[in-house]
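Trainee: I would like to learn how to read a model of this kind feature by feature, with the general idea given before the particular case. Could we go through it together on the screen?

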Amino acid sequence: MILGEEDHINEEGEFVINMGPQHPSTHGVLRLKVWLDGETIKKVEPHLGYIHRSIEKMSESLSYRQYGYLTSRMDYLSAHMNNLACALVVEKALQIQVPERAQAIRVIICELARISSHILWFASAGLDLGGVTPFFYAFRDREAINNIMEETCGARLTMNYMVPGGVIADVPSNFQARVKEVLKQFKDNYHEYDEILMGNVIFQNRMMDVGVLTKEDAIALGCTGPVARASGVSCDIRKLYPYDGYEKLQFDEVILTGGDSWARCQVRMAEMLQSVHIIEQLIDNIPEGDIVAKTKNVIKLPKGEFYQRVETARGELGVYIVSDGASTPYRCKYRSPNFANLSAIPHISKGHKIGDLIAIMATIDLIIPDIDR
Amino acid sequence: MTNEELKNSFTQIFPAVTFDETGEFLNAIIPSEELLPVMKVLRSSKEFLFDYLFCLTCVDWKDHLMMVYFLKSNTHNHTIVVKAKITDTVNPQIESVYDIWKTAELNEDEVFDLFGVKFLNHPNLRRIFLEEDWVGYPLRKNYVDEHMIEL
């Protein structure tokens with residue numbers, strides 16, 4: 001770690017250093033100011049804003065067809081779910097009935113994105129703690145899923161596939177066969193993931209009993225997603241407030257009570273299998289029909305306030321739209337899961353060694369553009 | 001509790017409240033000075049137990065600012081939206097709810113940064129996204145960006 005101008009020893013003899021903004025384990029431009037006593041963490045303070053693009057302000061001058069596209073640039077690993085939230089809030093406000101074919105396609109694509117996101121977490125968690133091999137293992141499956149995304153919507157990262165009323169284009173004719181192929185490959189590979197990283201004693205020792213987040217703290221800090229579910233909080237939006245036909249599907253909400261980094265790892269590993277299970281129920285039963293409901297060319301929301309939440313790979317994303325009846329939102333607020341999960345880091349890293357901070361950040365799985373928005 | 005029961009219980013603890021039920025949730029609008037005592041009751045009283053603040057934001061209505069708090073109870077599984085009206089748009093200020101819900105810390109920093117609402121008794125109020133010397137508050141409707149070029 002190179003010391004900069006702001007690094008110093010304060011009056012109490014604590015060593016104050018900056019971790020980031022250019023630190024590999026922060027996965028983006030997050031700066032953590034860390035107060036240390038020797039190697040023990042006394043206090044952590046996050047500093048944000050290095051890639052703040054003011055998406056909320058920009059949304060105020062974009063139409064209801066356009067504003068969703070910016071959200072692919074928030075949590076780029078959950079781009080489909082972010083777009084979906086923006087589409088759902090418009091559909092809710094105008095009471096648009098989405099065709100069943102579109103709903104099935106949306107769910108399949110979202111669950112593929114969830115697997116792809118968790119598999120990238122698996123890859124980078126290993127990398128953060130010094131294991132390079134899991135990264136290459138994981139990218140076999142991520143690459144296969146990315147290829148499907150590319151065939152479906154033409155993009156590998158910022159997909160922009162969900163539009164108000166349905167999806168932007170129909171799936172290619174070989175979609176079902178390709179997805180089944182990928183799922184089979186993933187299931188064949190899954191035991192390797194368990195062995196190479198989760199079964200590794202060094203990895204387990206770095207994770208177990210590190211960064212324990214209690215259930216009460218998880219709720220008070222507003223944590224959602226795998227982070228909260230590892231602490232025993234039931235918070236899966238797909239179960240609590242189902243959308244797009246999730247209520248008709250069989251799957252389990254993975255809840256553990258450990259609350260430490262190891263529990264967060266286990267939740268994500270188990271969630272990937274649940275996603276596979278969801279896709280398997282749907283892939284042979286995609287109904288025939290339209291892929292998008294008829295909407296007016298210029299969408300105007302009625303006067304009022306609308307809130308829609310979806311479960312992204314990292315937790316609860318809420319879109320809060322205040323409409324004054326015009327064709328652009330009067331105010332658009334994104335309640336992003338990473339912003340809330342970030343506040344857990346200063347809380348749970350106190351008293352740990354600085355090396356454990358890397359392990360904690362790896363399991364909280366932050367995406368910085370989603371924090372900065 | 002249903003919305004109707006929430007309304008009755010809310011009126012009992014705080015009579016000067018107005019309700020708006022047009023949206024998905026029950027909206028309770030209170031004056032900004034009364035925020036902290038009301039929120040303390042909502043958090044700790046057995047019938048409410050709103051332990052989860054899932055969204056905190058602000059809306060600029062030009063003549064006033066509206067703080068919006070989305071609250072949910074994991075025990076009773078009911079939701080309410082509390083809105084606090086700030087009439088002073090020049091020097092807006094309101095009590096911080098950090099002591100009740102810890103998640104408010106970063107969210108209030110964000111509202112301070114982008115709307116200029118000052119939170120009293122906040123542990124570390126700072127401009128979280130923009131630079132310390134940034135002029136103006138971008139999400140306010142009267143914000144003028146001097147770098148913007150009209151095409």
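Trainee: How many residues of chain A are in contact with chain B, and which elements carry them?

Mentor: The size of an interface is often given as the accessible area lost when the parts come together. Here we count contacts instead, two residues being in contact if their C-beta atoms, placed from the backbone, lie within 7 Å. On that basis 25 residues of chain A are in contact with 21 residues of chain B. The elements giving two or more residues to the side of chain A that touches chain B are α1 (55-59), α8 (215-220), β7, β8, β9 and α12 (337-342) of chain A, and the largest share, four residues, comes from β8(A). Helices (H or I, at least four residues) and strands (E, at least two) are DSSP runs, numbered from the N terminus. This is a predicted model, in which local features need pLDDT of at least 70 and side-chain atom pairs count only at pLDDT 80 or more, while totals for chains, interfaces and linings use all residues. Residues are numbered from 1 along each chain as its sequence is written, and chains are lettered from A and ligands numbered from 1 in the order in which they are written.

Trainee: In which order do β7, β8 and β9 of chain A lie in their sheet?

Mentor: Two strands pair if DSSP finds at least two bridges between them. The open sheet has the order β7-β8-β9 (chain A), with antiparallel pairing, and its edge strands are β7 (304-312) and β9 (331-335) of chain A, each of which pairs on one side only. Nine bridges link β7(A) with strand β8 (residues 315-323) of chain A, where Gln308(A) has Val319(A) as its bridge partner. Between β8(A) and β9(A) there are five bridges, and Ile321(A) is partnered there by Cys332(A).

Trainee: Which way do the residues of β9(A) point, and are they buried or exposed?

Mentor: In a regular strand the side chains alternate between the two faces of the sheet. In this case Arg331(A), Lys333(A) and Arg335(A) point one way from β9(A), whereas Cys332(A) and Tyr334(A) point the other way, and all are buried. A residue is buried if 20 or more other C-beta atoms lie within 10 Å of its own, exposed if 12 or fewer, and partly exposed in between, with C-beta atoms placed from the backbone. Because five of the five residues of β9(A) are buried, the strand is largely enclosed by the rest of the structure.

Trainee: How do the axes of α4 and α5 of chain A cross?

Mentor: Two packed helices are described by the angle between their axes and the distance between the axes. Axes are lines fitted to C-alpha atoms, for helices over the stretch in contact, and angles run from 0 to 180 degrees between N-to-C directions. The axes of helix α4 (residues 100-128) and helix α5 (residues 133-153) of chain A come within 9 Å and cross at roughly 155°. That makes α4(A) roughly antiparallel to α5(A), because angles under 35 degrees count as roughly parallel, over 145 as roughly antiparallel, 65 to 115 as roughly perpendicular and the rest as oblique.

Trainee: Where does Leu56(B) lie, and what is it in contact with?

Mentor: Leu56(B) lies in strand β3 (residues 52-60) of chain B and is buried, with 22 other C-beta atoms within 10 Å. Leaving aside neighbours within four places in sequence, Leu56(B) is in contact with Tyr69(B), Ala104(B), Asn107(B) and Glu108(B).
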